[in-house]
Amino acid sequence: MAFYVTTPIYYVNAAPHLGHAYTTIAADVMARHHRQRGEDVFFLTGTDEHGEPVADAAHALGIEPQELADRNAERFKALAPQIDATNDFFIRTTDPQHEAKVQEVLSRVKENGFVYEGTYEGWYCPRCADFKADNEIDEGKLCPIHHIVLTREQEDNYFFRLSSFQAQLEALYGEREDFIAPRARYNEALSFIRSGLRDVPLTRHKLTWGVQVPWDHEHVFYVWFDALLNYYSALSYADPKEDLTERFWPASYHLIAKDILRFHAVYWPALLMAAELELPEHIFVHGYLLMEGEKMSKSLGNVLDPFEVIERFGADALRFYLLRDVPFGADGSVSTASFELRYETELANELGNLASRTIAMVLRYRDGKLPAGDIDPVLAEDFAGLTGRVCEHVDRAELTAALDEIWQRVRRLNRYVEEQAPWQLAKDDARAADLDRVLRSLAEGLRSVTVLLWPYLPASAERLLAALGAPELSLTGAELGAGQIETVAALDALFPKNR
Ligand code: ME8
């Protein structure tokens, strides 16, 4: 079974920030989880390098757009390993193979009769690279996102006949209620469609920084059409040995934030229909990470540096915090204070202590060796069906809910230690068999949650599983009782305090 997950491709007009890290981390959690299920996974991220936002930023710096793109694409590429993201490819829309694919697909759209010449006039935000509908404009002709004055643009363009997909898009939304999630985003996209679709510019006449229109060299493609096609084009050249399109298209999940919902929920399926390509299975729209109540963005200047957090606490702590503290799909505030609280109370005190005391007790009472035997039925009951529930949540991109299922078992194991008080059992030789069972159940429970936590906490989970002598990551082995821990080894604190 194939699983293909994507992040948006990020604009190279500035450096990566926490918002970008967030989407990439979420996509990575999904990719890792599906790999654990033994699926054939492809995970794509990359950079969006054409269009006005990039050209304007470059000119403001007095350099060419390509130079700015090269410089910042490197920083986005460097972000992936720092947050432990295991993307299979990094696409840049200035890749010649991507450009050729864009030309090929959009020429087909034209041949199919969905392109015509016309004049466009409207209010345009150069930062969004988007024309705004009249009801989207803030007072004073301001962009509602960037709070900058919109420009009145009039130009001769080629248009994409978006309006001719009205009925097909309504039918799509009718047939596939899980095409867009969460539900509020599905409703938002559908009501946009129902309000009546207008044709949109497919090309720009005045710009030069973009993919050239093959049938008219005075035009470049509007950056959004070029950008959206990355999800499709990447498969054709990511692997020099094999065209991966057949294997992975259509995408299983596009992860995006709500700022780019309309492009993905309306333009993108229409474009694919016009090109006679299959539609993605799901688009999941996560919320905004908020700092002091405002959406964090490059232009607002209130950016939190994910690199600082990683340097002090490690990538795992950042990954965990973002998916634990902000319900995936909703907006949520992030702060240093709430980060530190989660780190201390949950990673250090709950998981870290569970790991260190479980290992310490096996070392102290059984010299590191766990005798074979059954798992305590009391615990087995509380773990029954856990893997299945985690899979169901991840299948719906409910990454916070999946993590919570697992975390409840981390807490259950801590309660189990208190209930069974192995230190009391250890004082009584007649209860050696009970102590064996408690230690075995604890170690096995710890192994089970750790396998499930691996997508969220890959480095820590690997260290812990190595100490348990059970490095197997597959989800079939995650069930309580499926593993065979024989010998455990000492482990330094997974989440040290006082960093
Ligand atoms: O829109 N909270 O690029 P972009 C959560 N190039 N996520 C955030 C965020 C925040 N505060 N800020 C950014 C573009 N993101 C286009 C996309 S796709 C074909 C083209 C994340 O650099 C989130 O995923 O502005 C959002 O959708 C994306 O970064 C926007 O990145």
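**Ground rules.** Residues are numbered from 1 along each chain as its sequence is written, and side-chain values use heavy atoms, without hydrogens or water. For this predicted model, local features need pLDDT of at least 70 and side-chain atom pairs pLDDT 80 or more, while totals for chains, interfaces and linings use all residues.

**Polar contacts.** I then checked pairs of N or O atoms within 3.5 Å. A polar side-chain atom of T23 sits 2.6 Å from a ligand oxygen. For D48, such an atom is 2.7 Å from a ligand nitrogen. For D259, the distance to a ligand oxygen is 3.0 Å.

**Cover.** On its own the ligand has 680 Å² of accessible area (Shrake-Rupley, 1.4 Å probe). The protein covers 96% of that. Helices (H or I, at least four residues) and strands (E, at least two) are DSSP runs, numbered from the N terminus.

**Helix 8.** I counted buried residues (under 20% relative accessible area, 1.4 Å probe, protein chains only). Eight of eight in helix 8 qualify. Among them are Y231, Y232 and Y237.

**Cysteines.** I searched for disulfides (cysteine sulfur atoms within 2.5 Å) and the count was zero. C128 is in none; the nearest cysteine sulfur, that of C125, is 3.8 Å away. C128 is buried at 11% relative accessible area.

Terms used: Polar contact = N/O pair within 3.5 Å; in protein donor to acceptor, adjacent residues only side chain to side chain. Buried < 20%, exposed > 50% of the residue type's maximum accessible area, 1.4 Å probe, protein only.
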